[in-house]
Amino acid sequence: MAATSSVPTGVRLLAEYAELQGAWASEPGRREAKLLIAGNRYTFEFRGEVYMGSFTLDPHDVPKRIDMHIEEGPPEHRGLTAYCIYQRDGDVLRWCPSRPGSPDRLYRFPTEEDSRYLSLIFRPTRSSRGG
């Protein structure tokens, strides 16, 4: 019985990875960023700094979880993990990380006015959707 219930979970996980693939740009505003996802690898650009690494998903919680391991980037963040939450709704990706290296993860999205968190709304770039 366990094998039967794991098949839908695996299919769901693959679908989650597929939905995140491509190039994303944050909505214009005070915190602009770019995110590129290919397979389980990412590149994140924010305030002139570039972060690169791998990630794992857990789409079973609400909001969904994404753990981003930082392999390249500012020296103080290399080797650390940012525990993030995300939500996908159509062509909108809402994403909020913890501070790299912090063991804490948010369990709900902060308000846009809450400057303690880097809560971003991404949309796919035209080039990642063939436009």
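Me: Which backbone oxygen lies 2.2 Å from a polar atom of the side chain of Arg-88?
Reply: The backbone oxygen of Glu-19. This is a predicted model: local features need pLDDT of at least 70, side-chain atom pairs count only at pLDDT 80 or more, and totals for chains, interfaces and linings use all residues. Residues are numbered from 1 along each chain as its sequence is written, and side-chain values use heavy atoms, leaving out hydrogens and water.

Me: OK, and what lies 2.7 Å from a polar atom of that Arg-88 side chain?
Reply: The backbone oxygen of Gly-90.

Me: Where is Arg-88 placed?
Reply: In strand 6, residues 81-89. Strands (E, at least two residues) are DSSP runs, numbered from the N terminus.

Me: New topic. Where is Glu-27?
Reply: In the loop between strand 1 (22-26) and strand 2 (33-38).

Me: What is Glu-27 in contact with, leaving aside its neighbours within four places in sequence?
Reply: Glu-32, Ile-121 and Arg-123. Contact means heavy atoms within 4.5 Å.

Me: How far apart are Glu-27 and Ile-121?
Reply: They are 94 residues apart in sequence and 5.9 Å apart in space, C-alpha to C-alpha.

Me: Why is Glu-27 called partly exposed?
Reply: Because its relative accessible area is 33%. Buried means under 20%, exposed over 50%, and partly exposed in between (1.4 Å probe, protein chains only).

Me: And Arg-47, buried or exposed?
Reply: Exposed, at 65% relative accessibility. Arg-47 sits in the loop between strand 3 (41-46) and strand 4. Its phi is positive, about 50°, although Arg-47 is not a glycine.

Me: Last one. Which residues does a cis peptide bond join?
Reply: Val-62 and Pro-63, with omega about -5°. Pro-63 is in the loop between strand 4 (49-58) and strand 5 (64-72).

Technical notes
Helices (H or I, at least four residues) and strands (E, at least two) are DSSP runs, numbered from the N terminus. A polar contact is a pair of N or O atoms within 3.5 Å; within protein, one must be able to donate a hydrogen and the other to accept it, and residues adjacent in sequence count only if both atoms are side-chain atoms.
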